[in-house]
Amino acid sequence: MITYGMSNDAVKAYIGQQLKQMRINARINQEQLAESAGISRSAITAIENGHIGNFDSLLNMLRALQKLNVLDAFATEAMVSPLLIAQTSGKTIKRIHNSN
């Protein structure tokens, strides 16, 4: 589990370990994953060892493992603008004037 007290290097090492486990669970070797992801086997090894230098390689690896959904945690609910709320509730927006 990733915690806020972990260093960036520790987080990358954890992500690398998780990716390695995903690959093993998919029953594919590094060479097969590299070919499927369109990156080198050495890049796979580096990422699995926590040396995540290229975000595109990480995305390609997740895509090849069919695990892009792990990024769903980054999704946030869209904030509805106050203007839209006012427009949809039938209220009119009034301009505020300075009273000097």
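Reply: Happy to! Let's start with R23, which sits in helix α1; helices here are DSSP runs (H or I, at least four residues), numbered from the N terminus. Before going on, note that this is a predicted model, where local features need pLDDT of at least 70, side-chain atom pairs count only at pLDDT 80 or more, and totals for chains, interfaces and linings use all residues. Residues are numbered from 1 along each chain as its sequence is written, and side-chain values use heavy atoms, leaving out hydrogens and water.

R23 is buried, because its relative accessible area is 9% (buried means under 20%, exposed over 50%, and partly exposed in between, with a 1.4 Å probe and protein chains only). Leaving aside residues up to four places away in sequence, R23 touches I28, N29, Q30, L33, E48 and L65, where contact means heavy atoms within 4.5 Å.

The side chains of E48 and R23 meet in a salt bridge, at 2.6 Å from N to O. That term means a side-chain nitrogen of Lys or Arg within 4 Å of a carboxyl oxygen of Asp or Glu. Side chains of opposite charge can pair when their charged atoms come close. E48 lies in helix α3 and R23 in helix α1, so the pair ties together parts that are 25 residues apart in sequence.

E48 itself belongs to the stretch of α3 that covers residues 41–48. With a relative accessible area of 6%, E48 is buried. Its side chain also makes a polar contact with the side chain of Q30, at 2.8 Å (a pair of N or O atoms within 3.5 Å; within protein, one must be able to donate a hydrogen and the other to accept it, and residues adjacent in sequence count only if both atoms are side-chain atoms). Beyond four places in sequence, the residues that E48 touches include G16, L19, K20 and M61.

K12 counts as partly exposed, at 28% relative accessibility, while D9 is exposed at 55%. D9 is also 7.1 Å from G50, C-alpha to C-alpha, although 41 residues separate them in sequence.

Notes
Helices (H or I, at least four residues) and strands (E, at least two) are DSSP runs, numbered from the N terminus.
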